Each structure stands twice: as C-alpha cells, then as structure tokens.
Amino acid sequence: MRWQLLGDPKILLKRTAVKQLYTYGQYLKNKFHTKVSKLPLGLSGFTCPNIDGTVAKGGCTFCLNDSFSPNLAKNADKTFLNLESKSNPILDKQLRELEMQILTTRKMMREEWKSKKFLVYFQAFTNTYAPFETIKALYDSALTYDDVIGLSIGTRSDSVTDEVLDYLVELSQEKEIWIEYGIQSIYDETLDRINRGHDALNVEKAIKKAKEKGLSVCGHLIFGLPGEDQEMMLNSAKAAYEWGIDSVKYHPLYVVKHTLLANEYMMGGFEPISKEDYIDTLVKAIALKPDHISIQRVTAGIDDDTLLAPAWCGLPKNKMLQYINSALIREGLIY
Ligand code: SF4
C-alpha cells in the first residue's frame, strides 16, 4: 500500500491510499534492475493455421491480420510457411527484416523511452508456425544482441510442436523466455462463434504443458465476445488464472473494417461492449486475480479509421487509462 497523487489533476485531485497493481514492467524491472521494453516484430512469411486453411480459412472473425503490427512487412512474393514446409526460400529476407526492425525500434525505445534492455516480441501472426530450422534461426538471431535479454513468442495453442517447446525450454536456461497464448474465452460456443479453430481444452492443455516444462506463460483474454455476459467473461479470467498463467493481457473486442466481425456488426448480429461494462468487468477480473500474476495490458484500441465500433476503442490510450484508474481507485487499486 502507498500514498500517491493519482490521474488527471482536474478529475482526481485527491490523495488516497491505493495498492499498485503488479505490472509486467515492474516484473522486468525487479528482475533486471533496469528499464526493459518489449520490442515487437512482424516478419514476412508467417501466417496462421486459422487463416491458411489448415484449421480454417479467414481467421478469427475479428482478425485483420495487417493490423497486428505497424512493423508488419509486406510479403510481396506471397511465400507463407507452415509446419510442413520443407524449405524456406525467404529465410535471408526474414533475418534482414528482423535485424532492421530490432535496430529501428530499439533506437526509438532508447531515445524516447530510455529503455536499456529489450525483450524481443515475435508478435504478428503465429510465431511457432514454421519449420523448426526457421524458428531456431530467427530466435537465435534475435538473441545475438547484447542488450536483448530474451524473447516473448506470440502463438496459438494448437501450433507449438514439442521440438519448439523444448527449444524454448533450452533457451530459458540462459535467457528470459515467454510464450503468449490467446485464450480469449473458455466457452467453446464462443470460440466456435468467433471461428477460433480450437477449443478451450486445447489452450488449457498447452498452458499446463508449458508450465510443467518451466516456461513463463502470458494469457490473452478478450471481454465483449459475442454472446457472452459478464459472468462468462469472469469465469474465463478465473480459469486462466487457475491454469497457471504468469502474466495476463486484457482486451476489449472491437470491430475493425473488412473483417468477418464487421459484417456481423453491420447486419446487427453483434453489439460491442460498452466502455462502462468493459471497465466494470476488467476491475472485477483484476480483483479476482492472484497477486503474483503480472498485468501486461488493461485495454486495447486503434486510433485510425479502420475502427468501426465501439467508438470508445478509438480514445487515446492515456484517456482510457484515466477511466480505468478512476474505477480501480474506487477499489483501492491503481494500474
Ligand atoms: S489466431 Fe491470431 S492470427 Fe490467427 S486468425 Fe486468430 S487472431 Fe488472426
């Protein structure tokens, strides 16, 4: 517990006793004693089994794949990898992209954020969905930089081979290694409705397996999925905590133009969660969370004209954090 002056002075000019929530930034600072930033990558050649037809076509209904990363390189030659790829004709290109993105983003983070160390985040698409030799070459290359302390690998629970998992375990003996799984919901009817392409049991097993092998796991949750009420959203959060995640990202579901969800929304088949309901659910989910699970994200949005709805997901990040902190403060918490 500590005393702190909170939020926008115009709104929150009061001193109150609040408990600082355990953030991922604090976790990294405690461990590495300096400012560590996650450095996102988006490389050519990666796709997703839910997009390329292996599991399904079209992807999750909310997914506009280009929107995952501003760094996402355009894959002009349309070479996409998968677990069965026998060779990788674009590996050199991927390695060049990786180097360019690390150097460019690291420079910005050093200058603007005063970051000293970096955790390279393989973010866009499914970053274990490629031949092992490719994955190993890319992970190894990212770890050659002196100030890169480790990796965080964003992926799907149905796309991690034992070979890759074991390699991550091997790397974790020397480096900070995380695996990030999209959980989204524990309700199979919801996962079906968003065309997720796997069920909740698949994620549960993947998380438990990674934990048994000693890896650190971040779970992603989405609040406001079609057909879900608050009780369902909180049940998903509780289950994720119980499965053993070490860190969590909370997101609202928002509708991006040119997605399957946009069609559903335009036809009146989907109503986005309101800002008030999202924040209420978020605060309750955080209150249920064991203290040792760090928080990496409390909201998400998009600040360009690809956002269709809800409009509040286009608010500036600082503004949303003020709203969220106002609600958290009433519970004696702050993010
Ligand atoms: S798993 Fe991720 S990349 Fe694949 S379709 Fe869903 S949101 Fe898109």
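Trainee: What share of the residues in the protein is buried?

Mentor: A residue counts as buried if 20 or more other C-beta atoms lie within 10 Å of its own, as exposed if 12 or fewer do, and as partly exposed in between, with C-beta atoms placed from the backbone. Here buried residues make up 41% of the 335 residues. This is a predicted model: local features need pLDDT of at least 70, side-chain atom pairs count only at pLDDT 80 or more, and totals for chains, interfaces and linings use all residues. Residues are numbered from 1 along each chain as its sequence is written.

Trainee: Which residues touch the most other members of the largest nonpolar core?

Mentor: In soluble globular proteins, nonpolar side chains tend to be buried together. A nonpolar core is a set of buried Ala, Val, Leu, Ile, Met, Phe, Trp, Tyr and Cys residues joined through C-beta atoms within 7 Å. The largest one has 84 residues, and Val120 and Leu282 touch the most other members. This core lies between domain 1 (1–33 + 179–335) and domain 2 (34–174), because both give residues to it; the bounds come from an automatic or database domain assignment.

Trainee: Which residues does Val120 touch?

Mentor: Contact requires C-beta atoms, placed from the backbone, within 7 Å. Leaving out residues up to four places away in sequence, Val120 touches Leu39, Leu41, Ile102, Ala142, Val148 and Leu151.

Trainee: How far apart in sequence are contacting residues?

Mentor: Among contacts between residues at least 6 apart in sequence, 82% join residues at least 24 apart.

Key:
Two residues are in contact if their C-beta atoms, placed from the backbone, lie within 7 Å.
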